[in-house]
Amino acid sequence: MNLAAKECRERKEERRMFLRSMCSFAAIPFRFFMPLLAVAVFLGAMYWAKSRDPFERIWFSVKVTNHEKMKGVVVLPKPVRPCPVAVYFHGSGGTLMTDGNALRQFAELGMAAVGMEYDQANQTEFDEQFIALNNYIKRQSWALANATAWIGSSLGAQRTLSFVLNHPDVQPQLLVRLSGGWVGELGEMSKVQDLMSEVGVAQSEHRVTNSGPSSILHPPSSFPLHCPVLLVHGEKDEVFSVQDAQRLAVLLKAQGVTVAIKILPERRHGFEPDRALVTRLVGEYCKAVLAPNEPFGGAKERRVWPFWVYFTPAFIWAGFWVWQKNGRKEALMRSKELRSPWEKRLRWAAFGLAILAIADTAAHLIPSRLKMSGATLNIARKWLVPSKWRTDFETLAAQPIWQGKQLKTLLEHVELANYDRNELINWKVDEQIYREFVLSPMIDSGQENLNQGTLKRVRRTGEELNWRRPLWESFYPRVRHEQTPEAAAEIVARYLRERVTISPAALPADGIESIWKRQITDEKGFECIYVAALRSVGIAARLNATGRAEFWTSDKWMAAPRPIASSFVRQ
(Lines give C-alpha, C1' and ligand atoms only; values in the text may rest on other atoms or scores of the structure.)
Protein backbone atom coordinates (compact mmCIF):
# COMPACT_ATOMS: atom_id res chain seq x y z
CA MET A 1 0.00 0.00 0.00
CA ASN A 2 2.79 2.41 0.93
CA LEU A 3 4.52 1.65 -2.36
CA ALA A 4 1.31 2.25 -4.34
CA ALA A 5 0.67 5.52 -2.50
CA LYS A 6 4.22 6.62 -3.19
CA GLU A 7 3.87 5.89 -6.91
CA CYS A 8 0.58 7.81 -6.96
CA ARG A 9 2.23 10.83 -5.33
CA GLU A 10 5.10 10.67 -7.83
CA ARG A 11 2.70 10.64 -10.77
CA LYS A 12 0.81 13.61 -9.35
CA GLU A 13 4.08 15.45 -8.87
CA GLU A 14 5.08 14.73 -12.48
CA ARG A 15 1.77 16.11 -13.69
CA ARG A 16 2.26 19.24 -11.58
CA MET A 17 5.73 19.75 -12.99
CA PHE A 18 4.44 19.32 -16.54
CA LEU A 19 1.63 21.82 -16.01
CA ARG A 20 4.04 24.22 -14.33
CA SER A 21 6.42 24.02 -17.29
CA MET A 22 3.57 24.58 -19.71
CA CYS A 23 2.36 27.53 -17.70
CA SER A 24 5.83 29.05 -17.60
CA PHE A 25 6.06 28.60 -21.37
CA ALA A 26 2.65 30.18 -21.83
CA ALA A 27 3.71 33.05 -19.59
CA ILE A 28 6.03 34.37 -22.31
CA PRO A 29 5.70 38.16 -22.57
CA PHE A 30 3.41 39.44 -25.31
CA ARG A 31 6.28 41.00 -27.25
CA PHE A 32 7.73 37.50 -27.70
CA PHE A 33 4.41 35.71 -28.06
CA MET A 34 3.33 37.39 -31.31
CA PRO A 35 6.56 36.68 -33.26
CA LEU A 36 6.46 33.04 -32.10
CA LEU A 37 2.82 32.75 -33.14
CA ALA A 38 3.66 34.25 -36.55
CA VAL A 39 6.45 31.68 -36.98
CA ALA A 40 4.07 28.84 -36.08
CA VAL A 41 1.47 30.09 -38.57
CA PHE A 42 4.13 30.49 -41.26
CA LEU A 43 5.35 26.91 -40.75
CA GLY A 44 1.77 25.67 -40.94
CA ALA A 45 1.28 27.55 -44.21
CA MET A 46 4.50 26.08 -45.61
CA TYR A 47 3.44 22.52 -44.77
CA TRP A 48 0.01 23.18 -46.26
CA ALA A 49 1.52 24.50 -49.51
CA LYS A 50 3.93 21.57 -49.72
CA SER A 51 1.11 19.08 -49.26
CA ARG A 52 -0.75 20.62 -52.21
CA ASP A 53 2.31 20.68 -54.47
CA PRO A 54 1.89 17.82 -57.00
CA PHE A 55 5.67 17.64 -57.56
CA GLU A 56 8.72 16.53 -55.63
CA ARG A 57 11.85 18.59 -56.35
CA ILE A 58 15.33 17.23 -55.80
CA TRP A 59 18.29 19.62 -56.08
CA PHE A 60 21.59 17.87 -56.65
CA SER A 61 25.20 18.49 -57.62
CA VAL A 62 27.45 16.07 -59.49
CA LYS A 63 31.24 16.05 -59.58
CA VAL A 64 32.79 16.30 -63.04
CA THR A 65 36.18 14.88 -63.99
CA ASN A 66 37.85 18.28 -63.54
CA HIS A 67 36.65 18.27 -59.90
CA GLU A 68 34.08 20.98 -60.57
CA LYS A 69 30.49 20.47 -59.49
CA MET A 70 27.54 20.66 -61.83
CA LYS A 71 24.19 21.75 -60.38
CA GLY A 72 20.88 20.27 -61.44
CA VAL A 73 17.29 19.69 -60.40
CA VAL A 74 14.80 16.88 -60.83
CA VAL A 75 11.04 17.50 -60.84
CA LEU A 76 9.08 14.32 -60.08
CA PRO A 77 5.33 13.72 -60.07
CA LYS A 78 3.87 12.56 -56.76
CA PRO A 79 3.77 9.81 -55.65
CA VAL A 80 7.41 9.21 -56.58
CA ARG A 81 7.96 5.97 -58.49
CA PRO A 82 10.09 4.78 -61.44
CA CYS A 83 9.07 6.72 -64.55
CA PRO A 84 10.47 7.79 -67.94
CA VAL A 85 13.12 10.52 -67.84
CA ALA A 86 13.10 13.76 -69.85
CA VAL A 87 16.44 15.61 -69.69
CA TYR A 88 16.00 19.23 -70.78
CA PHE A 89 18.80 21.52 -72.01
CA HIS A 90 17.97 25.22 -72.26
CA GLY A 91 19.26 27.54 -74.92
CA SER A 92 21.88 30.27 -74.77
CA GLY A 93 21.44 32.47 -71.72
CA GLY A 94 19.05 30.03 -70.03
CA THR A 95 19.38 28.89 -66.41
CA LEU A 96 17.78 26.37 -64.10
CA MET A 97 15.53 29.15 -62.84
CA THR A 98 14.14 29.76 -66.32
CA ASP A 99 13.67 26.02 -66.93
CA GLY A 100 10.99 25.71 -64.25
CA ASN A 101 7.92 25.90 -66.49
CA ALA A 102 9.25 23.39 -69.00
CA LEU A 103 10.27 20.92 -66.29
CA ARG A 104 6.88 21.23 -64.63
CA GLN A 105 5.08 20.52 -67.91
CA PHE A 106 7.10 17.36 -68.48
CA ALA A 107 6.46 16.23 -64.90
CA GLU A 108 2.71 16.83 -65.32
CA LEU A 109 2.72 14.16 -68.01
CA GLY A 110 4.19 11.55 -65.67
CA MET A 111 7.91 11.89 -66.45
CA ALA A 112 10.92 12.69 -64.30
CA ALA A 113 12.08 16.07 -65.64
CA VAL A 114 15.81 16.78 -65.24
CA GLY A 115 17.49 20.14 -65.79
CA MET A 116 21.17 21.06 -65.49
CA GLU A 117 23.49 24.06 -65.59
CA TYR A 118 25.95 23.28 -68.36
CA ASP A 119 28.95 24.99 -69.92
CA GLN A 120 27.49 27.05 -72.77
CA ALA A 121 30.88 28.02 -74.23
CA ASN A 122 32.77 24.73 -74.55
CA GLN A 123 31.56 21.47 -76.13
CA THR A 124 34.28 19.39 -74.42
CA GLU A 125 33.25 20.67 -70.98
CA PHE A 126 29.62 19.95 -71.84
CA ASP A 127 30.46 16.38 -72.80
CA GLU A 128 32.13 15.74 -69.45
CA GLN A 129 29.22 17.29 -67.57
CA PHE A 130 26.70 15.27 -69.53
CA ILE A 131 28.52 11.99 -68.90
CA ALA A 132 28.49 12.76 -65.17
CA LEU A 133 24.77 13.58 -65.32
CA ASN A 134 23.99 10.41 -67.25
CA ASN A 135 25.83 8.30 -64.64
CA TYR A 136 23.90 10.07 -61.87
CA ILE A 137 20.54 9.33 -63.49
CA LYS A 138 21.37 5.64 -63.90
CA ARG A 139 21.85 5.32 -60.13
CA GLN A 140 18.48 6.82 -59.21
CA SER A 141 15.51 4.69 -58.18
CA TRP A 142 13.03 7.07 -59.84
CA ALA A 143 14.60 6.63 -63.31
CA LEU A 144 13.00 3.98 -65.50
CA ALA A 145 15.65 1.98 -67.34
CA ASN A 146 15.87 2.42 -71.12
CA ALA A 147 13.28 5.19 -71.18
CA THR A 148 15.16 8.47 -71.53
CA ALA A 149 14.62 11.44 -73.84
CA TRP A 150 17.10 14.26 -74.40
CA ILE A 151 15.36 17.51 -75.23
CA GLY A 152 17.58 20.37 -76.41
CA SER A 153 16.44 23.88 -77.21
CA SER A 154 18.57 26.08 -79.53
CA LEU A 155 22.11 25.86 -78.08
CA GLY A 156 21.01 22.85 -76.04
CA ALA A 157 19.97 21.13 -79.28
CA GLN A 158 23.40 21.84 -80.77
CA ARG A 159 25.23 20.48 -77.74
CA THR A 160 23.21 17.26 -77.46
CA LEU A 161 23.50 16.40 -81.17
CA SER A 162 27.26 16.97 -81.11
CA PHE A 163 27.51 14.85 -77.97
CA VAL A 164 25.65 11.87 -79.40
CA LEU A 165 27.69 12.03 -82.61
CA ASN A 166 30.93 12.04 -80.61
CA HIS A 167 29.78 9.37 -78.13
CA PRO A 168 27.82 6.74 -80.07
CA ASP A 169 27.95 4.39 -77.08
CA VAL A 170 25.74 6.77 -75.06
CA GLN A 171 22.33 6.99 -76.72
CA PRO A 172 18.89 8.07 -75.46
CA GLN A 173 15.70 6.38 -76.54
CA LEU A 174 14.57 9.66 -78.15
CA LEU A 175 16.39 12.83 -79.21
CA VAL A 176 14.32 16.02 -79.50
CA ARG A 177 15.69 19.19 -81.09
CA LEU A 178 13.82 22.48 -80.69
CA SER A 179 15.04 25.23 -83.04
CA GLY A 180 18.34 23.47 -83.59
CA GLY A 181 20.73 24.07 -86.48
CA TRP A 182 23.45 22.26 -88.37
CA VAL A 183 26.52 20.98 -86.51
CA GLY A 184 30.03 20.55 -87.87
CA GLU A 185 30.20 16.84 -86.99
CA LEU A 186 27.68 16.06 -89.74
CA GLY A 187 30.12 16.95 -92.52
CA GLU A 188 30.10 19.44 -95.34
CA MET A 189 26.80 21.14 -96.20
CA SER A 190 27.31 20.51 -99.90
CA LYS A 191 27.00 16.75 -99.43
CA VAL A 192 23.58 17.17 -97.90
CA GLN A 193 22.50 19.55 -100.65
CA ASP A 194 23.36 16.86 -103.19
CA LEU A 195 21.38 14.37 -101.14
CA MET A 196 18.38 16.70 -101.05
CA SER A 197 18.43 17.06 -104.82
CA GLU A 198 18.10 13.28 -105.09
CA VAL A 199 15.51 12.72 -102.38
CA GLY A 200 13.62 16.04 -102.47
CA VAL A 201 11.82 17.82 -99.68
CA ALA A 202 8.03 17.57 -99.74
CA GLN A 203 6.17 20.85 -99.77
CA SER A 204 3.99 19.60 -96.93
CA GLU A 205 6.99 19.70 -94.60
CA HIS A 206 6.63 23.49 -94.51
CA ARG A 207 3.62 22.98 -92.26
CA VAL A 208 2.94 21.02 -89.10
CA THR A 209 2.24 17.37 -89.81
CA ASN A 210 0.64 14.82 -87.53
CA SER A 211 3.15 12.09 -88.19
CA GLY A 212 4.14 10.47 -84.93
CA PRO A 213 6.57 7.92 -83.59
CA SER A 214 6.90 4.92 -85.86
CA SER A 215 8.82 1.69 -85.70
CA ILE A 216 12.56 2.18 -85.24
CA LEU A 217 14.68 1.46 -88.29
CA HIS A 218 18.19 0.32 -87.51
CA PRO A 219 20.65 2.55 -89.37
CA PRO A 220 23.96 1.42 -90.77
CA SER A 221 26.49 0.76 -88.04
CA SER A 222 28.82 3.44 -89.43
CA PHE A 223 26.44 6.27 -88.51
CA PRO A 224 26.77 7.14 -84.80
CA LEU A 225 23.14 8.15 -84.17
CA HIS A 226 20.81 5.19 -83.57
CA CYS A 227 17.76 6.60 -81.76
CA PRO A 228 14.56 8.19 -83.14
CA VAL A 229 14.68 11.96 -83.61
CA LEU A 230 12.00 14.65 -83.37
CA LEU A 231 12.79 17.98 -85.06
CA VAL A 232 10.62 21.00 -84.21
CA HIS A 233 11.39 24.24 -86.02
CA GLY A 234 9.79 27.60 -86.66
CA GLU A 235 9.15 28.44 -90.30
CA LYS A 236 10.59 31.94 -89.80
CA ASP A 237 13.45 31.04 -87.44
CA GLU A 238 15.92 33.92 -87.57
CA VAL A 239 18.80 32.08 -85.84
CA PHE A 240 18.89 28.67 -87.55
CA SER A 241 17.09 28.57 -90.89
CA VAL A 242 14.32 26.07 -91.48
CA GLN A 243 16.42 24.65 -94.32
CA ASP A 244 18.92 23.41 -91.71
CA ALA A 245 16.24 21.30 -90.06
CA GLN A 246 15.04 19.96 -93.40
CA ARG A 247 18.58 19.07 -94.49
CA LEU A 248 19.19 17.28 -91.23
CA ALA A 249 15.95 15.34 -91.60
CA VAL A 250 16.94 14.21 -95.10
CA LEU A 251 20.39 13.13 -93.95
CA LEU A 252 19.07 11.17 -90.98
CA LYS A 253 16.38 9.44 -93.04
CA ALA A 254 18.99 8.47 -95.62
CA GLN A 255 21.00 6.87 -92.80
CA GLY A 256 17.95 4.88 -91.65
CA VAL A 257 17.17 6.98 -88.57
CA THR A 258 13.50 7.40 -87.70
CA VAL A 259 12.75 11.11 -88.00
CA ALA A 260 9.62 13.18 -87.39
CA ILE A 261 9.85 16.83 -88.42
CA LYS A 262 7.36 19.52 -87.39
CA ILE A 263 7.60 22.92 -89.10
CA LEU A 264 5.48 25.47 -87.24
CA PRO A 265 4.05 28.08 -89.62
CA GLU A 266 4.86 31.76 -89.03
CA ARG A 267 6.81 30.98 -85.84
CA ARG A 268 10.26 32.37 -85.08
CA HIS A 269 13.19 30.93 -83.11
CA GLY A 270 11.53 30.94 -79.69
CA PHE A 271 8.09 29.74 -80.94
CA GLU A 272 6.45 32.71 -79.21
CA PRO A 273 3.68 33.05 -78.26
CA ASP A 274 3.31 29.25 -78.39
CA ARG A 275 6.42 28.27 -76.44
CA ALA A 276 4.53 26.61 -73.58
CA LEU A 277 2.20 24.84 -76.02
CA VAL A 278 5.16 23.43 -77.98
CA THR A 279 6.64 22.18 -74.71
CA ARG A 280 3.38 20.37 -73.93
CA LEU A 281 3.23 18.80 -77.38
CA VAL A 282 6.84 17.65 -77.11
CA GLY A 283 6.17 16.18 -73.67
CA GLU A 284 3.21 14.20 -75.01
CA TYR A 285 5.36 12.91 -77.86
CA CYS A 286 8.12 11.83 -75.44
CA LYS A 287 5.62 10.05 -73.23
CA ALA A 288 4.16 8.18 -76.22
CA VAL A 289 7.61 7.01 -77.37
CA LEU A 290 9.14 6.19 -73.98
CA ALA A 291 6.11 4.47 -72.45
CA PRO A 292 3.84 3.29 -75.29
CA ASN A 293 2.11 0.81 -72.97
CA GLU A 294 1.49 3.45 -70.30
CA PRO A 295 0.28 6.57 -72.13
CA PHE A 296 -0.70 9.70 -70.27
CA GLY A 297 -4.06 8.93 -68.72
CA GLY A 298 -4.77 12.24 -67.07
CA ALA A 299 -3.76 13.95 -63.86
CA LYS A 300 -4.54 12.06 -60.67
CA GLU A 301 -6.48 14.01 -58.07
CA ARG A 302 -4.59 14.12 -54.79
CA ARG A 303 -6.34 14.25 -51.44
CA VAL A 304 -4.87 16.58 -48.84
CA TRP A 305 -5.91 17.59 -45.35
CA PRO A 306 -8.09 20.68 -44.97
CA PHE A 307 -6.44 24.07 -44.65
CA TRP A 308 -7.29 24.54 -40.97
CA VAL A 309 -5.55 21.33 -39.88
CA TYR A 310 -2.09 22.81 -40.53
CA PHE A 311 -2.80 25.82 -38.30
CA THR A 312 -4.39 23.93 -35.44
CA PRO A 313 -1.17 23.55 -33.36
CA ALA A 314 -0.45 27.28 -33.54
CA PHE A 315 -3.93 28.28 -32.47
CA ILE A 316 -4.14 25.65 -29.74
CA TRP A 317 -0.98 27.06 -28.22
CA ALA A 318 -2.29 30.61 -28.66
CA GLY A 319 -5.52 29.69 -26.88
CA PHE A 320 -3.65 28.04 -24.06
CA TRP A 321 -1.41 31.10 -23.75
CA VAL A 322 -4.42 33.40 -23.50
CA TRP A 323 -6.13 31.13 -20.99
CA GLN A 324 -3.04 30.91 -18.80
CA LYS A 325 -2.35 34.62 -19.10
CA ASN A 326 -5.79 35.58 -17.90
CA GLY A 327 -6.29 32.78 -15.45
CA ARG A 328 -9.55 31.88 -13.82
CA LYS A 329 -8.67 33.72 -10.68
CA GLU A 330 -7.88 36.97 -12.47
CA ALA A 331 -11.03 36.65 -14.55
CA LEU A 332 -13.09 36.24 -11.39
CA MET A 333 -11.47 39.26 -9.78
CA ARG A 334 -12.09 41.38 -12.86
CA SER A 335 -15.73 40.32 -12.96
CA LYS A 336 -16.21 41.75 -9.47
CA GLU A 337 -14.72 45.08 -10.33
CA LEU A 338 -17.12 47.94 -10.89
CA ARG A 339 -17.23 49.01 -14.49
CA SER A 340 -18.45 52.32 -15.80
CA PRO A 341 -21.73 52.37 -17.77
CA TRP A 342 -20.00 53.33 -21.05
CA GLU A 343 -17.70 50.31 -20.77
CA LYS A 344 -20.68 47.99 -20.32
CA ARG A 345 -22.47 49.50 -23.31
CA LEU A 346 -19.35 49.18 -25.44
CA ARG A 347 -19.00 45.50 -24.52
CA TRP A 348 -22.66 44.81 -25.34
CA ALA A 349 -22.33 46.67 -28.64
CA ALA A 350 -19.29 44.61 -29.60
CA PHE A 351 -21.13 41.43 -28.67
CA GLY A 352 -24.13 42.44 -30.77
CA LEU A 353 -22.01 43.29 -33.80
CA ALA A 354 -20.25 39.93 -33.55
CA ILE A 355 -23.61 38.15 -33.51
CA LEU A 356 -24.77 40.11 -36.58
CA ALA A 357 -21.55 39.32 -38.46
CA ILE A 358 -21.89 35.61 -37.71
CA ALA A 359 -25.55 35.65 -38.78
CA ASP A 360 -24.76 37.47 -42.04
CA THR A 361 -21.96 35.03 -42.85
CA ALA A 362 -24.18 32.05 -42.13
CA ALA A 363 -26.98 33.50 -44.27
CA HIS A 364 -24.63 33.67 -47.27
CA LEU A 365 -22.74 30.42 -46.76
CA ILE A 366 -25.32 27.93 -45.57
CA PRO A 367 -28.18 28.44 -48.10
CA SER A 368 -25.77 28.49 -51.07
CA ARG A 369 -24.64 24.97 -50.18
CA LEU A 370 -28.16 23.57 -49.99
CA LYS A 371 -29.81 21.69 -52.82
CA MET A 372 -31.99 23.59 -55.24
CA SER A 373 -35.63 23.85 -54.18
CA GLY A 374 -38.41 26.40 -54.06
CA ALA A 375 -37.43 27.39 -50.53
CA THR A 376 -33.74 27.92 -51.32
CA LEU A 377 -34.63 29.91 -54.44
CA ASN A 378 -36.85 32.19 -52.35
CA ILE A 379 -34.04 32.68 -49.83
CA ALA A 380 -31.69 33.56 -52.68
CA ARG A 381 -34.14 36.06 -54.17
CA LYS A 382 -34.61 37.78 -50.82
CA TRP A 383 -31.11 37.74 -49.37
CA LEU A 384 -28.44 36.65 -51.85
CA VAL A 385 -29.21 38.10 -55.28
CA PRO A 386 -28.62 41.85 -55.85
CA SER A 387 -31.17 43.64 -58.00
CA LYS A 388 -28.75 43.93 -60.94
CA TRP A 389 -28.48 40.12 -61.09
CA ARG A 390 -32.21 39.47 -60.79
CA THR A 391 -32.98 39.07 -64.49
CA ASP A 392 -30.08 36.68 -65.08
CA PHE A 393 -30.97 34.73 -61.95
CA GLU A 394 -34.58 34.22 -63.01
CA THR A 395 -33.47 33.24 -66.53
CA LEU A 396 -31.26 30.43 -65.26
CA ALA A 397 -33.55 29.38 -62.40
CA ALA A 398 -36.33 28.74 -64.92
CA GLN A 399 -34.28 26.07 -66.72
CA PRO A 400 -35.10 22.45 -65.77
CA ILE A 401 -31.47 21.44 -65.27
CA TRP A 402 -30.88 22.28 -61.60
CA GLN A 403 -32.48 19.31 -59.86
CA GLY A 404 -30.02 17.92 -57.30
CA LYS A 405 -27.54 20.78 -57.80
CA GLN A 406 -26.34 23.19 -55.14
CA LEU A 407 -27.68 26.72 -55.15
CA LYS A 408 -24.06 27.91 -55.17
CA THR A 409 -23.57 26.62 -58.73
CA LEU A 410 -26.43 28.73 -60.05
CA LEU A 411 -25.26 31.80 -58.14
CA GLU A 412 -21.69 31.50 -59.48
CA HIS A 413 -22.91 31.38 -63.09
CA VAL A 414 -25.06 34.47 -62.52
CA GLU A 415 -22.42 36.42 -60.61
CA LEU A 416 -19.42 35.77 -62.89
CA ALA A 417 -21.28 36.10 -66.19
CA ASN A 418 -22.78 39.40 -65.03
CA TYR A 419 -19.42 40.60 -63.70
CA ASP A 420 -17.72 39.78 -67.02
CA ARG A 421 -20.28 41.53 -69.15
CA ASN A 422 -20.85 44.69 -67.13
CA GLU A 423 -17.46 45.40 -65.54
CA LEU A 424 -14.59 43.42 -67.08
CA ILE A 425 -14.64 42.74 -70.81
CA ASN A 426 -13.86 45.41 -73.40
CA TRP A 427 -16.44 44.33 -75.99
CA LYS A 428 -20.22 44.41 -76.13
CA VAL A 429 -22.59 41.44 -76.24
CA ASP A 430 -26.27 42.00 -76.98
CA GLU A 431 -28.86 40.71 -74.54
CA GLN A 432 -30.18 37.69 -76.42
CA ILE A 433 -26.72 36.41 -77.43
CA TYR A 434 -25.48 36.94 -73.87
CA ARG A 435 -28.23 34.90 -72.23
CA GLU A 436 -28.05 31.98 -74.65
CA PHE A 437 -24.32 31.71 -75.25
CA VAL A 438 -22.53 33.34 -72.29
CA LEU A 439 -24.82 33.00 -69.29
CA SER A 440 -26.12 29.51 -70.06
CA PRO A 441 -24.10 26.64 -68.52
CA MET A 442 -25.32 24.15 -71.13
CA ILE A 443 -22.71 23.46 -73.82
CA ASP A 444 -23.90 20.63 -76.05
CA SER A 445 -27.51 21.81 -76.31
CA GLY A 446 -29.02 25.24 -76.47
CA GLN A 447 -31.27 26.16 -73.58
CA GLU A 448 -34.26 26.08 -75.89
CA ASN A 449 -33.49 22.53 -77.09
CA LEU A 450 -33.08 20.58 -73.85
CA ASN A 451 -34.24 17.03 -74.49
CA GLN A 452 -34.91 14.30 -71.95
CA GLY A 453 -31.61 12.53 -72.64
CA THR A 454 -29.65 15.70 -71.91
CA LEU A 455 -31.60 16.34 -68.72
CA LYS A 456 -31.05 12.78 -67.46
CA ARG A 457 -27.32 13.01 -68.10
CA VAL A 458 -27.05 16.38 -66.37
CA ARG A 459 -28.97 15.12 -63.34
CA ARG A 460 -26.84 11.97 -63.15
CA THR A 461 -23.51 13.87 -63.08
CA GLY A 462 -23.59 15.99 -59.94
CA GLU A 463 -20.80 18.37 -61.02
CA GLU A 464 -21.78 18.68 -64.67
CA LEU A 465 -22.56 22.40 -64.46
CA ASN A 466 -20.02 23.53 -61.86
CA TRP A 467 -17.32 24.73 -64.27
CA ARG A 468 -17.46 28.52 -64.55
CA ARG A 469 -15.38 29.65 -61.55
CA PRO A 470 -12.31 27.38 -62.07
CA LEU A 471 -12.19 28.30 -65.76
CA TRP A 472 -12.73 32.00 -65.08
CA GLU A 473 -9.94 32.07 -62.48
CA SER A 474 -7.52 30.46 -64.97
CA PHE A 475 -8.43 32.25 -68.21
CA TYR A 476 -9.58 35.75 -67.33
CA PRO A 477 -6.20 37.02 -66.02
CA ARG A 478 -4.70 36.08 -69.41
CA VAL A 479 -7.25 37.99 -71.53
CA ARG A 480 -8.04 40.97 -69.30
CA HIS A 481 -6.12 43.44 -71.48
CA GLU A 482 -7.54 42.31 -74.82
CA GLN A 483 -9.83 44.70 -76.67
CA THR A 484 -11.62 42.27 -79.02
CA PRO A 485 -13.15 38.81 -78.65
CA GLU A 486 -10.97 37.59 -81.55
CA ALA A 487 -7.74 38.37 -79.70
CA ALA A 488 -9.05 36.92 -76.44
CA ALA A 489 -10.21 33.73 -78.18
CA GLU A 490 -6.70 33.09 -79.55
CA ILE A 491 -5.25 33.25 -76.04
CA VAL A 492 -7.97 30.95 -74.69
CA ALA A 493 -7.30 28.35 -77.41
CA ARG A 494 -3.55 28.41 -76.79
CA TYR A 495 -3.70 28.14 -73.01
CA LEU A 496 -6.43 25.50 -73.08
CA ARG A 497 -4.30 23.23 -75.27
CA GLU A 498 -1.31 23.87 -73.00
CA ARG A 499 -3.38 22.45 -70.14
CA VAL A 500 -5.52 19.73 -71.77
CA THR A 501 -4.23 16.82 -73.84
CA ILE A 502 -6.30 15.62 -76.81
CA SER A 503 -6.29 11.83 -77.13
CA PRO A 504 -8.79 9.53 -78.87
CA ALA A 505 -8.00 6.94 -76.20
CA ALA A 506 -9.13 9.22 -73.39
CA LEU A 507 -12.08 8.02 -71.34
CA PRO A 508 -15.20 10.12 -71.87
CA ALA A 509 -15.50 12.66 -69.07
CA ASP A 510 -18.72 13.36 -67.20
CA GLY A 511 -18.41 17.12 -67.43
CA ILE A 512 -16.32 20.19 -68.13
CA GLU A 513 -14.80 20.36 -64.66
CA SER A 514 -13.78 16.69 -64.86
CA ILE A 515 -11.89 17.35 -68.11
CA TRP A 516 -10.20 20.36 -66.50
CA LYS A 517 -9.07 18.36 -63.48
CA ARG A 518 -7.87 15.30 -65.43
CA GLN A 519 -6.17 17.41 -68.16
CA ILE A 520 -7.08 14.97 -70.93
CA THR A 521 -10.05 14.40 -73.23
CA ASP A 522 -11.01 13.41 -76.75
CA GLU A 523 -11.79 15.75 -79.66
CA LYS A 524 -15.45 16.12 -78.71
CA GLY A 525 -14.62 16.86 -75.09
CA PHE A 526 -12.03 19.45 -76.13
CA GLU A 527 -14.59 21.32 -78.21
CA CYS A 528 -17.01 21.34 -75.25
CA ILE A 529 -14.48 22.67 -72.77
CA TYR A 530 -13.30 25.17 -75.41
CA VAL A 531 -16.82 26.62 -75.57
CA ALA A 532 -17.01 26.68 -71.77
CA ALA A 533 -13.64 28.46 -71.50
CA LEU A 534 -14.76 31.12 -74.00
CA ARG A 535 -17.99 31.70 -72.12
CA SER A 536 -16.13 31.94 -68.80
CA VAL A 537 -14.37 35.12 -70.01
CA GLY A 538 -17.45 36.72 -71.54
CA ILE A 539 -17.12 35.51 -75.15
CA ALA A 540 -20.36 34.19 -76.64
CA ALA A 541 -19.64 30.69 -77.92
CA ARG A 542 -21.41 27.52 -79.06
CA LEU A 543 -20.92 24.27 -80.95
CA ASN A 544 -21.78 24.43 -84.65
CA ALA A 545 -23.52 21.73 -86.67
CA THR A 546 -20.27 19.74 -87.01
CA GLY A 547 -19.51 19.88 -83.28
CA ARG A 548 -16.74 22.50 -83.59
CA ALA A 549 -16.47 25.58 -81.38
CA GLU A 550 -17.44 28.95 -82.82
CA PHE A 551 -17.79 32.40 -81.25
CA TRP A 552 -19.69 35.65 -81.78
CA THR A 553 -17.62 38.56 -83.10
CA SER A 554 -20.21 41.29 -82.38
CA ASP A 555 -21.81 40.89 -85.80
CA LYS A 556 -21.43 37.26 -86.94
CA TRP A 557 -20.54 33.73 -85.87
CA MET A 558 -16.97 32.69 -86.69
CA ALA A 559 -14.99 29.48 -86.28
CA ALA A 560 -13.01 29.65 -83.05
CA PRO A 561 -9.21 29.96 -83.40
CA ARG A 562 -7.33 26.66 -83.33
CA PRO A 563 -4.08 25.84 -81.49
CA ILE A 564 -0.99 25.75 -83.69
CA ALA A 565 -1.13 21.93 -83.50
CA SER A 566 -3.53 19.49 -81.87
CA SER A 567 -0.84 16.85 -81.35
CA PHE A 568 2.63 15.75 -82.49
CA VAL A 569 1.70 12.10 -81.99
CA ARG A 570 0.18 10.10 -84.82
CA GLN A 571 -3.34 9.19 -83.75
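Of the 571 residues of the chain, 47% count as buried, where buried means under 20% relative accessible area, exposed over 50%, and partly exposed in between (1.4 Å probe, protein chains only). This is a predicted model, in which local features need pLDDT of at least 70, side-chain atom pairs count only at pLDDT 80 or more, and totals for chains, interfaces and linings use all residues. Residues are numbered from 1 along each chain as its sequence is written, and side-chain values use heavy atoms, with hydrogens and water left out.

**Whole chain**

Start with a cartoon view. The chain holds 20 helices and 13 strands. Both are DSSP runs numbered from the N terminus: helices are H or I with at least four residues, strands are E with at least two. Switch to a surface. The accessible surface is about 30,100 Å², and 57% of it belongs to carbon and sulfur atoms; areas come from the Shrake-Rupley method with a 1.4 Å probe, and for residues only the protein chains shown count as cover. Contacts come next, meaning heavy atoms within 4.5 Å. Among contacts between residues at least 6 apart in sequence, 72% join residues at least 24 apart.

**The eight-stranded sheet**

Select β1 through β8. They form an open sheet of 8 strands with mixed pairing, in the order β1-β2-β4-β3-β5-β6-β7-β8. Two strands pair if DSSP finds at least two bridges between them. Which strands stand at the edges? They are β1 (55-63) and β8; each has a single partner strand, so one side of each lacks a neighbour in the sheet. On average, neighbouring strands are turned by 20° against each other, direction ignored. Axes here are lines fitted to C-alpha atoms, for helices over the stretch in contact, and angles run from 0 to 180 degrees between N-to-C directions.

Zoom in on β1 and β2. They pair in the antiparallel sense over 9 bridges. Phe 60 stands opposite Gly 72 in β2. Ser 61 has Lys 71 of β2 as its bridge partner. Now pick the hairpin of these two strands, with 5 residues between them: His 67 there takes a positive phi near 70°.

Ala 260 is buried, with a relative accessible area of 4%. Display Val 569 as well: its C-alpha atom is separated from that of Ala 260 by 9.6 Å, although the two residues are 309 apart along the chain.

Go to Lys 78 and Pro 79. A cis peptide bond joins them, with omega about -5°. Pro 79 sits in the loop between β2 (69-77) and β3 (83-89). Next, select Glu 272 and Pro 273. The peptide bond from Glu 272 to Pro 273 is also cis, with omega near 5°. Pro 273 is in the loop between β8 and α8 (275-290).

Two serines follow. Ser 154 has a positive phi near 55° and lies in the loop between β5 (143-153) and α5 (155-166). Ser 154 counts as buried, at 13% relative accessibility. Ser 179 also has a positive phi near 55°, in the loop between β6 (174-178) and α6 (189-199). Its relative accessibility is 1%, so Ser 179 counts as buried.

**Nonpolar cores**

Now colour the nonpolar cores: sets of buried Ala, Val, Leu, Ile, Met, Phe, Trp, Tyr and Cys residues joined through side-chain atoms within 4.5 Å. The largest has 63 residues; those with the most contacts inside it are Phe 393, Leu 410, Phe 475, Tyr 530 and Leu 534. Which helix gives the most to this core? Helix α20 (residues 523-536) does, with 8 residues. Centre on Leu 534. Not counting residues up to four places away in sequence, Leu 534 touches Ala 489, Val 492, Ile 539, Ala 541, Phe 551 and Ala 560. Another core, of 48 residues, lies apart from it, with Val 62, Leu 186, Leu 225 and Leu 251 among its members.

**Last stop: Thr 553**

Select Thr 553, in the loop between β12 (549-552) and β13 (557-559). Thr 553 counts as buried, at 9% relative accessibility. A polar contact of 2.9 Å joins its side chain to that of Asp 555. Such a contact is a pair of N or O atoms within 3.5 Å; within protein, one must be able to donate a hydrogen and the other to accept it, and residues adjacent in sequence count only if both atoms are side-chain atoms. Leaving aside neighbours within four places in sequence, Thr 553 is in contact with Pro 485, Glu 486 and Met 558.
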